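Please look over the sequence and the model below.

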Amino acid sequence: MYVIRLKNCCFFANHGVFDEEKTLGQRFHVDAEIHVDALPALDTDDVGETVDYGLVFVEIERILSGPRRFLIEALALDVARALCDRFVQIVRARIVIRKPNAPVRGVLDHVEVEVAWPQPVFERPGGGRACRETQGSLTQSSYWLERAEE
């Protein structure tokens, strides 16, 4: 397995909660980290056996140019799912979306969200399964599924 990263892809789109965001639009910056299971491509040097990152960019652009989403978190999940669905070699996609002109009273560089797909499921010691993960570790808001055998 190996990782391909696309950093700071920039798109103009109309996502957001406020009417002005829909009407005026704004820039969005996207980072994509895709985990690829295509080791034969490394031996054969055959681009047809791996993920074409030019097509990854086109897919991200298609989603960002698509229907309006109120939440950039939902938009990031749309991108991650679309990449995993389109390219069978991708086993995990981590998407970061930055919104430089977020409607916030105050001075800031940008608002940023990060979403990964698929969401991993971990076995819990003693039974049950953990359902949520954030950046490789269970969060305080994680919850445990009931044991299936109880």
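Is Val36 buried or exposed? Val36 counts as buried because its relative accessibility is 0%, where buried means under 20% relative accessible area, exposed over 50%, and partly exposed in between (1.4 Å probe, protein chains only). The model is a predicted one, in which local features need pLDDT of at least 70 and side-chain atom pairs count only at pLDDT 80 or more, while totals for chains, interfaces and linings use all residues. Residues are numbered from 1 along each chain as its sequence is written, and side-chain values use heavy atoms, with hydrogens and water left out.

Val36 belongs to strand β2 (residues 26-36); strands (E, at least two residues) and helices (H or I, at least four) are DSSP runs numbered from the N terminus.

A search of the whole structure finds 9 salt bridges, each being a side-chain nitrogen of Lys or Arg within 4 Å of a carboxyl oxygen of Asp or Glu. Among them are these:

| Salt bridge | Closest N and O atoms |
|---|---|
| Arg5 – Glu33 | 3.0 Å |
| Glu21 – Lys99 | 2.7 Å |
| Asp78 – Arg69 | 2.9 Å |

Arg5 lies in strand β1 (residues 2-13) and Glu33 in strand β2, so this pair ties together parts that are 28 residues apart in sequence. Glu33 is buried, with a relative accessible area of 12%, and both Glu21 and Lys99 are buried as well, whereas Asp78 is partly exposed at 24%.
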